[in-house]
Amino acid sequence: MPVVEISQFKYNPPDLVIEVGDAVEWINRDASGHTATRIAAPTFDTGPLARNETSRAITFPSASDAAGFEYFCSPHPFMKGRIIVTLPGTNSASYSLSAATAHHEHLQSEE
């Protein structure tokens, strides 16, 4: 099962590519409490995670577009990550490259 580590107020990896039906867990390595939260559909929230605590598994039952499903940390909204959900058999390497490029351009436009 894919795991996203939270360390130094960042999600690692910041962009994760999975397939429909996969589940993801988050583990907090920081002393500060963090969440992985999405308020747009599909919504999810790990709830507050203490240091070295692992979230429950969040399953993604439908594919995203190339932009993926962006999420953030409730106490630290500057922390952002993204889950890109592909259909089984999709070339996830090229999907992830186009999504990473789009995400990079999006971040630059916010500056």
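**Basis.** I worked from a predicted model, in which local features need pLDDT of at least 70 and side-chain atom pairs count only at pLDDT 80 or more, while totals for chains, interfaces and linings use all residues. Residues are numbered from 1 along each chain as its sequence is written, and side-chain values use heavy atoms, with hydrogens and water left out.

**Sheet.** I looked up the strand order and found an open sheet of 4 strands, β2-β1-β4-β7, with mixed pairing. The edges are held by β2 (10–12) and β7 (58–59), each of which has a single partner strand, so one side of each is left without a neighbour in the sheet. I took strands (E, at least two residues) as DSSP runs numbered from the N terminus, and I counted two strands as paired if DSSP finds at least two bridges between them. Strand β4 (residues 23–28) pairs with β7 in the antiparallel sense over 2 bridges, and V24 stands opposite I58 in β7.

**T59.** I then followed T59, which sits in strand β7 and is partly exposed, with a relative accessible area of 48%; the scale is buried under 20%, exposed over 50% and partly exposed in between, for a 1.4 Å probe and protein chains only. Leaving aside residues up to four places away in sequence, T59 touches G21, D22 and A23, where contact means heavy atoms within 4.5 Å. T59 and E25 are 34 residues apart in sequence, and their C-alpha atoms are 9.1 Å apart in space.

**H34.** I found H34 in the loop between β4 and β5 (37–38), buried with a relative accessible area of 0%. Its side chain makes polar contacts with the side chains of D30, at 2.9 Å, and of H76, at 3.1 Å. A polar contact is a pair of N or O atoms within 3.5 Å; within protein, one must be able to donate a hydrogen and the other to accept it, and residues adjacent in sequence count only if both atoms are side-chain atoms. Beyond four places in sequence, the residues that H34 touches include I6, F9, L49, C73 and M79.

**Backbone.** I noted a cis peptide bond from N12 to P13, with omega near 5°, and P13 lies in the loop between β2 and β3 (15–19). A cis peptide bond also joins A41 and P42, with omega about -5°. Q8 is not a glycine, yet has a positive phi of about 55°; Q8 is exposed, with a relative accessible area of 66%.
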